[in-house]
Amino acid sequence: MKYLNQPIEEIHKLLKAKKIKPIDLVEEAFDNIEKSDCNAYITLNKEEALKEAKELESLPVDNILFGLPIAVKDNIVTKNLRTTCASHMLENFIPIYNATVVEKIKEKHMIIIGKTNMDEFAMGSSSRTSYFGAPHNPWNKDKISGGSSGGSASTIAARDVLFALGSDTGGSIRQPASYTGIVGMKPTYGRVSRYGLVAFASSLDQIGPMTKNVYENALLLNAIVGHDEKDLTSAKKEEEDFTKLIGKSIKGKKIAIPNYFVSDIVDDEIIDKIKETEKTLEKLGAKVDYIDMKYLEHAVTLYQIIAMGEASSNLARFDGIRYGHSKENPKDIRDLYFGTRAEGFGKEVKRRIMVGSYLLSGENAREYFYKALSIRDDMKQEFKNVFKDYDYIIGPTTTTTAYLLTDPMDDPSKSFMDDVLVIPVNMAGLPGLNIPIGFDKNHMPIGMQIIANSFEEAKIYSLASALEKELNLDLNPYGGEKNE
Amino acid sequence: MSNYIATIGVEVHVELKTKTKIFSSSENGYGQMANSLTNVIDLGYPGTLPTLNEEVLNLAIKAATVLNCKIRREMHFDRKNYFYPDNPKNYQITQFATPIGYDGYVEIEVDGEKKKVYIEEMHIEEDTCKSTHRGEKTLLDFNRAGVPLIEIVTKPCMTTSKEAKAYLEKLRELLFYSDISDCKMEEGSMRADANVSIRKKESDPFGTKAEIKNIGSISNVGLSIEKEIERQAKIYDAGDTFKPQTRRFDDKLGDTVLMRVKETGNDYRYFPEPDIPFVIVTEERIDSVRKTIPMLPDERREKYLSLGVSEINTKKLIQNRSLSDYFNNLLEEKISHQTASNLLLGDISAYLNKKEKEITDTTLSKERFIELVNLIDNNTLTSKNLKEILEVILESDKSIQTIMKEQGIENITDDAEIREVIKKIIKANPESVTDYQNGHDRAIKFLMGQVMKETKGKANPKMANDILKEELQ
C-alpha cells in the first residue's frame, strides 16, 4: 500500500487515526528513493529517520506536517548529519548545529529523509557541478533536473516524498522546479531565516519549499518562515497562513507580462504555452497586459557581479584549518591554503571565486561591484513601479525545457542564461514561484513564473492554485495524477 | 635629527569592555582557558551569521563623543578580505566606508603648551584570534576572535615622540574613565601602531612612511618613534632613500626592526557586509549614551584645583579612578579638600594596596570620611594616632569619635589645661627658654617634647605648639 501519493489531508487523517505510523511513511520514502534511482540524494538519513519515526509514535499528531518525510538540500546544515554542499571540500563535514529552518521543521515533527544533491556550493544551473554526480530528471533520466536545487526537484517530481527544501540565489528553486514539473517558491528575501544555509551570495540567498502542488507548498512555507534573531536580514512580519487565499477567485486581478520575458531568448514552444495560459487566466477573470520593463536584460550581468563577488568572500573560510578538507602534510600556511582549495573545490567554484575576487579587486570594486549594487536598487524600484498598477508579473520560468545531461558544459555563460528569467526576482528580493503549465513536444514540463510584490506570497499561491485547478495536468512522470 | 621635521600619526586598537562578543553571544573575557569562549559563529562555521551586539554600538558612540568626533547617523559594516590563520572567516567585519566617528580631536599638553591631536576617524571592528608559535606549529586561540574593537586613527598631526606619548596617555585616560575599555596595553586591550616620516622643511612633501606595528607600551611608542626618526635621518643624510615599510619594535634590541616592505597598497577587496543591515543611529540614542558618560579627567582636574587640591594630589587622584570617583562625592562638601586628598592618597591608599582592596570595599562611608577629615583638620586626631586606628576605621562602621574613645585616644584640646602644663614646663626649663630667646629653634622642639611627655602624648600638638610660642613671648 502506498500512502505518500495520497492527498496530504488523507495521510494526516490516517496518522491521526493511528491507521498508519510515521515509520510506514519513512520506509515508503526510502523505498521510493531506491526505485526512482535518480541520484537525488548525497546522504540518506535512514537510521536516524527510522529512529525518529519510532519516537514520534508516542506523540500526539498535532499538526498537518507531523511525521511526514522531508528532503533537505545539502547546503542547509543539519546537526550530526553530513552536509557536503556537493563539494569534496565538505565531503566529510558533520555539522555541530542545526539551521534555523531545520529546527523549525523538527518542531513540526517532520522527518529528514536525506540531504539532496545540488550544484557544488549551489553554483550552477544543472546540478552537474556536484562532486557526487548530477541528479536525473524523472521525466527523462537522460536529462538534467536543473539546478542548483536539482536533487530536491528530482525527488519531488519522482514522488519519493511530499516535501523538500531548496535554496534560490539566482533561480535555484524555480528553474529546477520548472524543468521537473513541480511547484517551487522562492520567498521574499528575509522571509525565511538564512541561519545555517551555507552562504553563496548572502544578499540573494533564500530558502524555499519545493512540492508537487500549491497547497502543500504553502503548508511548508507556513512552517519555515519567521523572524530569527540569529539572522539580522530576516524580516519581522506578523504570522500569516499562506493557504488563506487558495481557492479564492482571481477575477479582476491585473497581470503584467514583460515583453522581455516573451522575446526571442525564449523557445517558441514555451512562448506558445505562456500565451495559452494567458487565455486561461483571462477566462478566470484576470486581465493580462504586456509591458516594457527596464533593467531586465541587465539582470544576469548584475547578478554575476554581485553573486560572484559575495561568493569569493563567503567561500574564503574553507582554508583547511578548522573543518572540511585539508591538504595533507602542507609545507607551510601558503601550501595549506593553496593545496586545500585546489583539491577541495571543483572547477566552477574556483572560476567564480576567481572572477568574484577580480571584480572586488582595487579599482574594479567601484567600476563593477558598487555600480552593480546601485543598479540593483534601480531595478528594485522598477519592479515596485509595476506593482503600483499590477498584482502580478508573470512569464516563463526558463527559456528552454530540461536538456540532456550530456550537453556541453564548457560555456560558463550558458549556465547563467538558463536563469535569465528567474534572476531579476532575486535581484529585487521579491517572491517568485514556478507553476507547471504544460509540456513540450517531448513531454518535458514547461513552467511559468509568478512574481508579486514583497511579502505577497499568499497572493502568489492564490493565482497559482487557480491555474493549477483549471489546467488539471497530470504532473506525475509515472502517470495517474489527473483529477477526474 | 634636529635637521628634520617628523610627521607622526598613531593608530590605536582598543578592546571594548562588553559582556559578549561583537557578533555572537560568546563571553568577552581575557585569560580563560584557550578556546573556551567560542561558538560556531566565532569559529566561522559554514552557515553561521553575525548578530550585532548593541552594547558595542553604545560604547562606540560613547567613544566618539569623548573624542569629540562627529557621529555618523547611517552606517554599515564592510568585509575586509585577507587570508590569515588568525582570521577565521578569512574576512574581517569592519567599517571601511562609513566609520561611526570622524573629524574629532583630543587635547594634550606638552611642556606646558596645549595642542589638539586630530582624529581622522574611528570605526568598529572585530578582533582576530590569538596565534602562538611553538616551534614548527602555530596554535590558535579563538577566545579573542570576535572581541569588539574600536580603531582610532589620528591625522598625521604630531611632530614629536612626546606628543605621541601625551596623546596615548590622554586617550587611555579618556577611554578608561568613560568605561569603554580597560586599556591594558600589557594584556593587549589597547594596542598602538605609529606612522613616522621625516622631511627637511614644512614646505617639503611628506617623506617616505614607515609604520611601526603593535608596540607594547606607551613608553615604547615614544622610544620607537625616536629610533625611527634617527634611522630615517641617517638614511637621508647619507643621500639614500628607502621604501615604505612595516616595522616592529623589538623590546630586547630597544629598536625597530623591518617586518616587510610595502610593494603596493594592500588589496582587501572591501565590500558592504550583506549579513548586517544598515545601522541607523538616532539622536535619542546619542543623547542617552551621552548621559552615561561620567565626569572626565579634564573636568575633574579643573574642579580639584579650584577646590585647593595641590597639583600633585590632583594628578595622583586622577591616576586612580576609584579614589577619584570617591573624591567626586565630596566636591560639594564644606571640608578641606586638600586634607581629604592627602588622606586618600596617603594612609588610606597604603592600606588599600596592602589589603588589595578598593575604597568601595571599606566601611568608609561619605559621612564617616567627612568626620575623619574634620577631626584631622582641627587636630583632634593626629596623624600618628590615625595610623594606629586606621584599620578599625576602615573595617567597622562606628563613628570615628567612638573609635577614638574605645581605642583610648584622647586629645586634650582644652586651652586652659594645655596652658597649665606648658607654664609648668617653662618654669622647669629656664635654659631652654633662654636658648629659644637667643634664636635656637631646637629649643622649642625640646620643650614640645616635654609637653607631650607630661600629657602622655595627648595634648593636641598644634594647639600645644601655638600656646608654647605664646607663652615664650
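**Group meeting talk: cores and contacts in a two-chain model**

Okay, let's start in the middle of chain A. The largest nonpolar core has 141 residues, and the ones touching the most other members are Ile70(A), Ile76(A), Val101(A), Ile113(A), Ile224(A), Ile450(A) and Ala464(A). Apart from that core there's another one, of 56 residues, with Val12(B), Val56(B), Leu168(B) and Ile180(B) among them. Keep in mind that this is a predicted model.

Let's pick one residue, Ile76(A). What does Ile76(A) touch, not counting residues up to four places away in sequence? The partners are Ala99(A), Val101(A), Val102(A), Leu165(A), Gly196(A), Leu197(A) and Ile207(A).

Two of those names, Val101(A) and Val102(A), take us to helix 4 of chain A, residues 100–107, where they are buried along with Thr100(A) and Ile105(A). The cover over the buried residues of this helix includes strand 2 (69–73), strand 6 (163–167), strand 8 (207–211) and helix 7 (214–224), again from chain A. After helix 4 comes His109(A), with a positive phi, near 60 degrees.

Now hop over to strand 11 of chain A, residues 392–396, which holds Ile393(A). Why does Ile393(A) count as buried? Because Ile393(A) has 24 C-beta neighbours inside 10 Å, and the cut-off is 20 or more. Beyond four places in sequence, Ile393(A) contacts Ala256(A), Pro258(A), Val386(A) and Ile451(A). Asn453(A) is 60 residues away from Ile393(A) in sequence, yet their C-alpha atoms sit 9.1 Å apart.

Last up, where the chains meet. Chain A puts 33 residues into the contact and chain B puts in 25. On the chain B side, that's 15 nonpolar, five polar and five charged residues.

Conventions:
Residues are numbered from 1 along each chain as its sequence is written. Chains are lettered from A and ligands numbered from 1 in the order in which they are written. This is a predicted model: local features need pLDDT of at least 70, side-chain atom pairs count only at pLDDT 80 or more; totals for chains, interfaces and linings use all residues. Two residues are in contact if their C-beta atoms, placed from the backbone, lie within 7 Å. Ala, Val, Leu, Ile, Met, Phe, Trp, Tyr, Cys and Pro count as nonpolar, Asp, Glu, Lys and Arg as charged, and the others, Gly among them, as polar. A nonpolar core is a set of buried Ala, Val, Leu, Ile, Met, Phe, Trp, Tyr and Cys residues joined through C-beta atoms within 7 Å. A residue is buried if 20 or more other C-beta atoms lie within 10 Å of its own, exposed if 12 or fewer, and partly exposed in between; C-beta atoms are placed from the backbone. Helices (H or I, at least four residues) and strands (E, at least two) are DSSP runs, numbered from the N terminus.
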